[in-house]
Amino acid sequence: MNTGEVLRIEGLKKQYPGVQALKDVDISFSGGEVHGLVGENGAGKSTLIKILAGIVKADEGVFRFDGKESTISSSKDATRHGLSFIHQELNLVNYFNAMENIFLGHTYPRHYGPLVDWKKLREQTRTICDSLSIDLPLEKPVSHLSAVQRAMVAIARAFAVNGRIYFMDEPATALTDVEKEKLFNVIQSLKEQGKTVVYVTHNLDDILRITDRITVMRDGQVVKHSRTSTMTKDSLISAMIGKNLASAFPPKTGTIGKPLMSVENLSNSLLRDISFTLHSGEILGIGGLVGSGRTELLETLFGVRSVTTGTILLDGTPYRPGSPGEAISSGVVLVPEERRKGGLVLSRSINENITLMSLPEVSRFGFLRHTHLRRKALEAGRSVRLKASDYEHHVDTLSGGNQQKVVFAKTVMRIPKVLMLDEPSKGVDVGARFEIYSIIRDLASHGAAIIVVSSDFNEVLGLADRILFIREGGMTSIHDNEGIDQEQYLHYCYGRTHA
Ligand SMILES: Nc1ncnc2c1ncn2[C@@H]1O[C@H](COP(=O)(O)OP(=O)(O)OP(=O)(O)O)[C@@H](O)[C@H]1O
Ligand SMILES: [Mg+2]
């Protein structure tokens, strides 16, 4: 078992138009370690990983594998060096099924001659899935799979290679806690086999829990490198953002106004008899376990799912949206959990994405006022601390977290009546998270009503005025957010009214 240095990178540089993504990075990885890589959105983490994968070409830099200098100029080179990857964007081919995606780029098992041995391929896929204790529909195109399943396909693909170093760029953002634990178990066993895992995430609790060493990057440089046992959450945060963060949540500001949306006995195939009244200026948190129906509730209010029985009043008039388009024109907006899929047009510019929903507002006499449009987009981008060198660039040139900020920028261009946020801070760095919370508060103090779904109960407790708990599609209780502690919160999630 090799516990020495397996890969050393020296003087790595990468320039993109308008931004030096990597300035001069030195970093090394050892056998048998879990190595955390953290840093603000746009710090350069994914760029480093894409260079190692042979997807992006470095401008300068030396790679030493077991002390021997080598190059990486294609994904074949990366594979040859035993590097395996779970990319932040998953990089799945949508119309291929899970099995084809898992073996993409590997040699398929074959019969004599060129014929693929599908039976063997299926067996091998099953073995990988079993080792991860996951159950995936193997024959369906991955575009038909859920977010969790797609993430598991990308993870299974990384483990289909017998690698030496596994790079995982935000592998768990779409996973439930249960799947995340499975992933952590696999990481642990890789480590015991003397392999290296490089783990990138904005979830600092996870980083502190599973890693042996941590490298912190800021603005394309390594700013700190330590053993995990010597780090705390606070020391990590201050290394990441270069300052201390006094409090995780901005203080409450505005007051709660008149009723804006009343939901009465709402039911459909996934929800049962849900009733609540949402006031202007109010932030309502939805508590519940994964799969309890939280996202389904938001989707129903957004016209993605239909209502079977029950009534909804918006500003006193009946509201029953048949589509997201109808919801948006009534002033009801959803920022979905999977923002890349639901919230953005990746092949369009940042400007276009931010202003997509506000076109009527910025057009006059039917003409788009481009200067005005650009100015508004820039203001909105600044308010979420979007890090982009040029707003005319396509959204897919942004770092993962900055893409999410574009969705928020788009939302704040026009104050919605009801804004629903599903997992608002996933993949967003700690500094920007505070900005996003401030925006949420700000929108509320301008009279918007906000609904927040989050698996992070601290986020719900830190933001919400009231919390509605649901379980198995039914509402169990609703509480003012005063003096609820974590234990009580979990009790409510499980549907017990008395903690
Ligand atoms: N294809 C590209 N074209 C232009 N600029 C790019 C491209 N890819 C990345 N960048 C820029 O390089 C910088 C580093 O991005 P990178 O994706 O490495 O950040 P990151 O640390 O992974 O951030 P996050 O936590 O948000 O995923 C960012 O400023 C980003 O906008
Ligand atoms: Mg990234």
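This report walks through a metal site, the nonpolar cores, some salt bridges and a sheet.

The model is predicted, so local features need pLDDT of at least 70 and side-chain atom pairs count only at pLDDT 80 or more, while totals for chains, interfaces and linings use all residues. Residues are numbered from 1 along each chain as its sequence is written, chains are lettered from A and ligands numbered from 1 in the order in which they are written, and side-chain values use heavy atoms, with hydrogens and water left out.

**The magnesium site**

Let's start with the metal. The magnesium ion (ligand 2) has Ser46 (OG) and Gln88 (OE1) as its protein donors, at 2.0 to 2.1 Å. Donors here are N, O and S atoms within 2.8 Å of the metal (3.2 Å for Na, K and Ca); water is not among the atoms, so sites may look incomplete. Ser46 sits in helix H1 (residues 45-52) and Gln88 in the loop between strand E6 (83-86) and helix H3 (98-102), so the two tie together parts that are 42 residues apart in sequence. Helices (H or I, at least four residues) and strands (E, at least two) are DSSP runs, numbered from the N terminus. Ser46 is buried, at 15% relative accessible area, whereas Gln88 is partly exposed, at 24%. Buried means under 20% relative accessible area, exposed over 50%, and partly exposed in between (1.4 Å probe, protein chains only).

**The nonpolar cores**

In soluble globular proteins, nonpolar side chains tend to be buried together. A nonpolar core is a set of buried Ala, Val, Leu, Ile, Met, Phe, Trp, Tyr and Cys residues joined through side-chain atoms within 4.5 Å. The largest one here has 50 residues, and Phe159, Met168, Ile187 and Tyr199 touch the most other members. Helix H5 (residues 147-159) gives the most to this core, with eight residues. Apart from this core lies another, of 33 residues, including Tyr391 and Leu443.

**Salt bridges**

The whole structure has 26 salt bridges, each a side-chain nitrogen of Lys or Arg within 4 Å of a carboxyl oxygen of Asp or Glu. Here are some of them:

| Pair | N to O distance |
|---|---|
| Lys180 and Asp206 | 2.8 Å |
| Glu181 and Arg209 | 2.8 Å |
| Arg466 and Glu282 | 2.5 Å |

Lys180 in helix H6 (residues 177-192) and Asp206 in helix H7 (residues 204-210) are 26 residues apart. Lys180 is buried at 12% relative accessibility, and Asp206 is buried at 7%. Glu181 lies in helix H6 and Arg209 in helix H7, so this pair ties together parts that are 28 residues apart in sequence. Arg466, in strand E21 (residues 466-471), and Glu282, in the loop between strand E12 (274-279) and strand E13 (283-287), are 184 residues apart. Arg466 is buried at 17% relative accessible area, and Glu282 is buried at 2%.

**A six-stranded sheet**

Six strands make an open sheet of mixed pairing, in the order E16-E19-E20-E13-E21-E22. Two strands pair if DSSP finds at least two bridges between them. At the edges are strand E16 (332-335) and strand E22 (474-480), each pairing on one side only. E13 and E21 run parallel and are joined by four bridges. Leu284 stands opposite Arg466 in E21, and Arg466 is the residue that forms a salt bridge with Glu282.
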